[in-house]
Amino acid sequence: MSQETLSNLLQENRRFAPPPELAASANVTAQTYEEAAADRLGFWERQAERLTWAKPWNEVLDWSNPPFAKWFVGGELNVAYNCVDRHVEAGLGDRVAYHWEGEPGDTRTLTYADLQREVAKAANALLELGVRKGDRVAIYLPMIPELPISMLACARIGATHSVVFAGFSAEALRTRIADAQAKVVITADGQNRRGKHAALKPTVDDAVASTPDVEHVLVVRRTGQEVAHHERDVWWHDLVERQSTEHTAEPHDAEHPLYILYTSGTTGKPKGILHTSGGYLTQVAYTHHAVFDLKPETDVYWCSADIGWVTGHSYIVYGPLANGATSVIYEGTPDTPHQGRWWEIIEKYKVTLFYTAPTAIRTFMKWGEEIPARHDLSSLRLIGSVGEPINPEAYVWYRERIGAGRCPVVDTWWQTETGGIMVSPLPGVTEGKPGAAMRPLPGIVADVVDDQGQSVPNGGGGFLVVKEPWPSMLRTIWGDDERYVKTYWSRFEGMYFAGDGAKKDDDGDFWLLGRVDDVMLVSGHNISTTEVESALVSHPKVAEAAVTGATDPVTGQAIVAFVIPRGNAGADVDGEEFVAELRDHVAKTLGPIAKPRQIMVVPELPKTRSGKIMRRLLRDVAENRSLGDVTTLTDSSVMDLISTKLPSAKSED
Ligand code: ATP
Ligand code: MG
């Protein structure tokens, strides 16, 4: 048996130095790593000074009752004031906060002064509905301006919001409303989805039929479609529009609960992650400044995530607004009305900083590079990735086809639980490696450890952990402190266990290797799904791949792969020859141990609504088991499509 915790198979030698102009004027330089290491708490105190506090803290970190942290103890601030009002007071009221683009092509521009008025009105409206500090408000809205406005209105009055992605079912919404005991739900009549009106209100009606805590449903009119009216319902345009544009923001404690957000459910039952105010806002503001090198006077920033996920909370709403940034928000899907819509938006608003997910990048690879090539993307100066490990080939495609070979790519590792970015290149400092998230950011103490909790040497693989508390860390799982301790703090003594595998390369840089639950044990070797998937994606005819381990009488587990060919791959991609070619390609790239037993060519992969591959379902398919929980899938019919592929997929060795 092998002693290694996780094999390190993939070798990657491409390197990309920071562009000299960017490095010369970068917000953060190499020195910051040392400064932060020398005095971590002092470093975070300096970052907290980016914010405006009503009352200073008297202690940076209280870690006397681990793993329950308190940051900036005794400090008071108002998060909404920090994101909006203070910029207006500083004379920046005319700066655009959001360029909003609706799917049908309608637009709205909100300056910081506009946002201040809208947030004040919404805050007054919530107060009129009886919402008070400490109450929970569920928000089930599409990507329209009322979504960030509602979040900020809650923050302003000290209500804790729970945003639920507007693609979730009534049952998913119901359990989230009930778990948080929300008093009010904010929704819309419907949303624009692929040129059609998709109803939202009936889902809410269904959900709140059995959630007695909900007193009111506040409804934004977006599509104009007909909706049922219940006594508890109030139209946004009736209630909010008549409110005063004045509202005085009161300071809240640094540890006041800002929001609950349920994880995306890739591995099973979602957890209600609780984030608080001062530490959270400090880290999201700092990381947005550092990782995106934001110059708020000149940059136009676009994060394509949905605000229903943590990426949208931290890097569409709180981080960018705290920094006074100008951002783009897009309501719709990337292929409406055509597959170049995103690139059209970048061209139209002259976006300089762009942040998206590997799942989107691989989709664009599948659609073909001629689509972005039709647009002028020359305004871009930095591009980022988050959500899954980015396969080296997808990174290079992104860098070349979207970033024109000149924009640095920042691959940012973090989670709903971490609140903000934890491991990432610094664009003016780091020589980027395709596929690597590189190093913990200044002020973050993360490591890769073996199953005994010992730091692995360079070249070794194991578990990603965080060894010291960080300001935007989750404070608990809502209503379940015990599950919080058990899930994150019990695997290794005194360390936060993220659930992800990682390796350190010979330089000590971090490469994320996927979830540890997905690791395959093949003939005594722990092999990561990510490395085999990356090897498959490095074949010129493959756009996307998912890999899982299936029980095997000889090797313990055997590797089973599912691949989606690229659009230009030709017709012969379903035959045995193609499959044999791919198996050999993996064996050549990673070594014979990683050669898949089976490869199935499929049209789609099962993904969560946030676009992440759900490998546990593929494992069920590969082992001919009935499927587990599929409620967080985007489209459960994908599983039928894949299952029909099974009979033709037989072992060849
Ligand atoms: P659940 O915890 O309910 O299964 P989830 O983990 O998908 O859902 P998120 O918090 O949205 O929910 O995702 C965080 C996870 O996404 C990380 O733990 C990691 O597995 C993956 N991830 C995010 N960014 C990266 C990245 N840059 N590289 C590799 N993996 C990443
Ligand atoms: Mg997770």
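Student: Where does Ser385 lie?

Tutor: Ser385 sits in strand β19, residues 382–385. Strands are DSSP runs of E, at least two residues, and helices are runs of H or I, at least four; both are numbered from the N terminus. This is a predicted model: local features need pLDDT of at least 70, side-chain atom pairs count only at pLDDT 80 or more, and totals for chains, interfaces and linings use all residues. Residues are numbered from 1 along each chain as its sequence is written, chains are lettered from A and ligands numbered from 1 in written order, and side-chain values use heavy atoms, without hydrogens and water.

Student: Why is Ser385 called buried?

Tutor: Buried means under 20% relative accessible area; over 50% is exposed, and in between is partly exposed (1.4 Å probe, protein chains only). Ser385 has a relative accessible area of 0%, so Ser385 is buried.

Student: Which residues does Ser385 touch?

Tutor: Leaving out residues up to four places away in sequence, Ser385 touches Tyr355, Thr356, Pro358, Ile390, Val410, Asp411 and Thr412. Contact means heavy atoms within 4.5 Å.

Student: What makes Leu382 buried?

Tutor: Leu382 is also found in strand β19. Its relative accessible area is 0%, so Leu382 counts as buried. Among the residues that Leu382 touches are Val291, Phe292, Cys407 and Pro427. Leu382 and Gly611 are 229 residues apart along the chain, and their C-alpha atoms are separated by 22 Å.

Student: Which strands form the open sheet, and in what order?

Tutor: The order is β5-β4-β17-β16-β18-β19-β20. That is 7 strands, with mixed pairing.

Student: What makes β5 and β20 the edge strands?

Tutor: β5 (107–111) and β20 (409–411) each pair on one side only. From one strand to the next, the twist averages 20 degrees.

Student: How do you know that β4 and β5 pair?

Tutor: Two strands pair if DSSP finds at least two bridges between them. Strand β4 (residues 96–101) and β5 have 5 bridges, in the antiparallel sense. One bridge partner of Val96 is Thr111 in β5.

Student: What joins strand β9 to strand β10?

Tutor: 4 bridges join β9 (residues 190–193) to β10 (residues 196–199), and the two run antiparallel. Asn192 stands opposite His197 in β10. The two strands form a hairpin with 2 residues between them. Arg194 in the turn has a positive phi of about 50 degrees.

Student: Why are α17 and α18 called oblique to each other?

Tutor: The axes of α17 (residues 529–537) and α18 (residues 576–590) come within 9 Å and cross at roughly 120 degrees. Axes are lines fitted to C-alpha atoms, for helices over the stretch in contact, and angles run from 0 to 180 degrees between N-to-C directions. Under 35 degrees is roughly parallel, over 145 roughly antiparallel, 65 to 115 roughly perpendicular, and the rest oblique. Therefore α17 and α18 are oblique.

Student: Which residues of α17 and α18 meet?

Tutor: Glu531, Val532, Ala535 and Leu536 in α17 meet Leu582, His585, Val586, Thr589 and Leu590 in α18. These contact residues divide into 6 nonpolar, 2 polar and 1 charged. Nonpolar covers Ala, Val, Leu, Ile, Met, Phe, Trp, Tyr, Cys and Pro; charged covers Asp, Glu, Lys and Arg; the others, Gly among them, are polar.

Student: How do you know that Ile613 is buried?

Tutor: Ile613 has 2% relative accessibility, so Ile613 counts as buried. Ile613 lies in the loop between β30 (598–601) and α19 (615–622).
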